[in-house]
Amino acid sequence: MNASARPSLNHTFAQRLPELARAAHAADFPALDIKVLNESLAVSLGLDVEWLRSDGGTRWLAGVDGGSATAYAGHQFGQFVPLLGDGRALLLGDLTSDPQGREIQVKGSGPTPFSRPGSDGFGAVGPMLREYLVSEFMHAVGIPTTRALAVLTTGNKVLRQQGVVPGGIVVRVASSHLRVGTVQFAATQSGELVEKVVAAAGFASPAALLETVMHRQVSLVAKWMRIGFVHGVMNTDNTTLSGETIDYGPCAFTPVFQADARYSSIDEAGRYAFGNQPPIIAWNLARLAEALLCVMEADTATRILAPIQQVWEQHWGREVPDPQSLAHAADITVYNRENHGGPIFIPRNYMLQKAITSAERDGNYLPYNELLAAVTDPFNPNAGKDWMSAPETAQRAGEDKRPFVTYCGT
């Protein structure tokens, strides 16, 4: 193998915002193995696929060269936590080979300086497979998102809600890992640090950041809801400044336009239910404005956020010209497909969970790979099997009809 194929990385985040970065390394894993590799994305990033599949490449993907764990705060289910940070993730850096300078981050690589008490810092392979497949589906249907580069098993076992399962790592790509929670943490430190975050995010002023992020995030949620996506954990630390969807731990898809549809095991009160996503993103944006008040006039923030309802209506009307018809549709995806050119294949909850369980418990990745092929080419009727495009009711035929539940395993 060509050693020169090792990717070259800048460490722009750590250099621009050293106050928010702590050096960290991945754990020493006994048997790393690539289970899924996004070769087309790798090529677009200027990476050597053959080298990535080598022992050195596999170890690089797992984060053994080290990187930075980043600091951020956040409102989690409405409660402010002044310091969260990457408890099981490493930001390796931004690729010099990529014209866009996108960042590479590994999740599930072991404990970091920000790991919570009692957390092992590791990940289970099932949630990593979920993030890979759903994020790549979102990209395929044109919804801004982080991308998935690889899923690896580690050779370790971890104890999770479903018992002892194989450990796993997901490698993801983002234009930026700066979040609303990043600004919130900076605001607890100093106005100077807030200004540095604003500049690092590429904005000339705090007002420009707030207005742009408002449009990005409102547009994003409208796109989510058109296809029935329920994020499940819309904390401010999971709300990016870039407008990309991030952190797919407890996500799911509601088959019908049901406002109280929720799936996350930790969202007992339904704070992040399907129909609550528009007001929650408005609430998150208000928290962003509060964090910027140390460097921006309150009147300016009020002026920017005042028309947010009209902004929502503009973006929602663009995504769904006939919301009443969508609200009464028997199946959101079938409706979008037959009247508005929507995707044929989506990662419906039960078939995705079956595929993940087959891989996680039995080591059989065939169902997962077949579903992945379908949802990453979702407008092509030949990309998947006919049953994959059936409504959710058909997917559940003969199944236990208890409510579907997801767990925040990443």
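I began with D247, which counts as buried at 11% relative accessibility. For this label, buried means under 20% relative accessible area, exposed means over 50%, and partly exposed lies in between, with a 1.4 Å probe and protein chains only. I noted that this is a predicted model, where local features need pLDDT of at least 70, side-chain atom pairs count only at pLDDT 80 or more, and totals for chains, interfaces and linings use all residues. Residues are numbered from 1 along each chain as its sequence is written, and side-chain values use heavy atoms, with hydrogens and water left out.

Where does D247 sit? I found D247 in the loop between β11 (229-230) and β12 (252-253). Helices (H or I, at least four residues) and strands (E, at least two) are DSSP runs, numbered from the N terminus.

Next I listed what D247 touches, not counting residues up to four places away in sequence: K107, E131, R172, R179, H231, V233 and N238. Contact here means heavy atoms within 4.5 Å. The side chains of D247 and R179 are joined by a polar contact of 3.4 Å. A polar contact is a pair of N or O atoms within 3.5 Å; within protein, one must be able to donate a hydrogen and the other to accept it, and residues adjacent in sequence count only if both atoms are side-chain atoms.

**Salt bridges**

How many salt bridges are there? I wrote down 16 salt bridges, each being a side-chain nitrogen of Lys or Arg within 4 Å of a carboxyl oxygen of Asp or Glu.

One of them joins the side chains of D247 and K107, at 3.0 Å from N to O. D247 lies in the loop between β11 and β12 and K107 in strand β8 (residues 103-107), so this pair ties together parts that are 140 residues apart in sequence. K107 is buried, with a relative accessible area of 4%. I also saw that D86, K107, E131, R172, R179 and D247 are linked in a network of salt bridges.

Then I turned to K196 and E19, whose side chains meet in a salt bridge of 2.8 Å, N to O. K196 lies in helix α7 (residues 191-200) and E19 in the loop between α1 (12-16) and β2 (21-24), so the pair ties together parts 177 residues apart in sequence. K196 is partly exposed at 28% relative accessibility, and E19 is partly exposed at 33%.

My last pair was K223 and E319, with the closest N and O atoms 2.9 Å apart in their salt bridge. K223 is in helix α8 (residues 206-226) and E319 in helix α11 (residues 308-319), 96 residues apart. K223 counts as partly exposed at 22%, whereas E319 is buried at 14%.

**Helix α15**

Which residues of α15 (residues 366-375) are buried? I noted Y368, L371, L372, A374 and V375. Seen down the axis of α15, these buried residues fall within an arc of 160°, so they line one face of the helix. That arc is taken from the directions from the helix axis to the C-beta atoms. The buried residues of α15 pack against β3 (33-37), α5 (125-140) and α14 (349-362).

**Cysteines**

I finished with disulfides, pairs of cysteine sulfur atoms within 2.5 Å, and the count came to zero. C251 is buried, with a relative accessible area of 1%, while C294 is partly exposed at 45%.
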